[in-house]
Amino acid sequence: MTTVAPDGPDGADSPTVRQAERADLLEIHRIEQSVFPQPWPFSALESYLGEEGFLVAETAGPEDVPSVAGYVVADTVPNHGTPLGHIKDIAVREEYRRQGVASALLERALGVLAVAGAGSVKLEVRTDNHGARRLYRQFGFEHRKTIPNYYSNGENALVMVRLR
């Protein structure tokens with residue numbers, strides 16, 4: 001399941017994007033719980049530690065202390081000899097939305113997937129998440145199919161794909 005908090009154009013200060021660390025997990029989990037009606041459990045997030053595509057965006061928080069503004073989970077799956085990239089989860093803390101955080105995370109995740117040899121990248125998004133859909137289209141993703149009742153509340157998911 002891919003979800004994203006809507007994000008807007010790049011802000012003046014671009015966030016620093018780096019690989020997620022164990023010390024980030026609590027903040028990542030808090031963002032996950034605040035953003036999604038069906039959040040991933042802590043253990044699911046923890047299982048991606050050490051993966052190249054588990055990234056966080058850091059911005060200066062209160063008193064210029066770095067703060068996790070958002071995160072992305074991306075990986076590859078085998079696909080007829082050429083890996084298929086999958087953006088599994090992406091979210092941005094509410095106070096950092098519309099500042100380019102999701103764009104920075106998605107751009108870096110796509111780079112990681114390209115290095116891993118992904119021939120194309122897919123994701124799933126809620127049909128009513130118009131901000132996320134707009135962001136994905138800006139990155140070249142196109143709607144390929146709809147999966148009925150994908151989410152536990154019965155909502156459909158759009159499968160969007162970006163060809164290399």
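Where is Arg-98 found? Arg-98 is found in the loop between E4 and H3, where helices (H or I, at least four residues) and strands (E, at least two) are DSSP runs numbered from the N terminus. The structure is a predicted model, in which local features need pLDDT of at least 70 and side-chain atom pairs count only at pLDDT 80 or more, while totals for chains, interfaces and linings use all residues. Residues are numbered from 1 along each chain as its sequence is written, and side-chain values use heavy atoms, with hydrogens and water left out.

The protein has four helices and seven strands. Along the sequence they follow the pattern β-α-α-β-β-β-α-β-α-β-β. The mean pLDDT (the predictor's confidence in each residue, from 0 to 100) is 89, and 89% of the residues reach 70 or more. Over residues 1-12 the pLDDT is below 50; this stretch has 63 contacts in the model beyond near neighbours in sequence. A contact means heavy atoms within 4.5 Å. Among contacts between residues at least 6 apart in sequence, 67% join residues at least 24 apart.

Of the 164 residues in the protein, 49% are buried. Buried means under 20% relative accessible area, exposed over 50%, and partly exposed in between, with a 1.4 Å probe and protein chains only. In soluble globular proteins, nonpolar side chains tend to be buried together. A nonpolar core is a set of buried Ala, Val, Leu, Ile, Met, Phe, Trp, Tyr and Cys residues joined through side-chain atoms within 4.5 Å. The largest such core has 30 residues, and those with the most contacts inside it are Ile-87, Leu-105, Leu-106, Tyr-136 and Phe-141. At least two residues of this core come from each of strand E2 (54-60), strand E3 (66-77), strand E4 (84-92), helix H3 (101-115), strand E5 (120-126), helix H4 (130-138) and strand E7 (157-163). The most is given by H3, with nine residues. Another core, of 15 residues, lies apart from it and includes Ala-20, Tyr-48, Val-56 and Val-68.

In H4, the residues Gly-131, Ala-132, Leu-135 and Tyr-136 are buried. Seen down the axis of H4, the buried residues fall within an arc of 130° (taken from the directions from the helix axis to the C-beta atoms), so they line one face of the helix. These buried residues pack against E4, H3, E5 and E7. Just after H4, Gly-140 takes a positive phi of about 90°.

Most residues other than glycine have a negative phi. Arg-98 is not a glycine, yet has a positive phi of about 65°. Asn-149 likewise has a positive phi, near 55°. Asn-149 is found in the loop between strand E6 (142-147) and E7, and is exposed, with a relative accessible area of 55%.

The whole structure contains three aromatic pairs. Rings of Phe, Tyr and Trp (its six-membered ring) pair if their centres lie within 6.5 Å; planes under 30 degrees apart count as stacked, over 60 as edge-to-face and the rest as tilted. The rings of Tyr-150 and Tyr-151 have centres 4.9 Å apart and planes at 80°, so this pair is edge-to-face. Tyr-150 is partly exposed, with a relative accessible area of 30%, whereas Tyr-151 is buried, at 3%. The charged end of Arg-126 sits over the ring of Tyr-151, 3.8 Å from its centre. A charge sits over a ring if NZ of Lys or CZ of Arg is within 6 Å of the ring centre and within 35 degrees of the ring normal.
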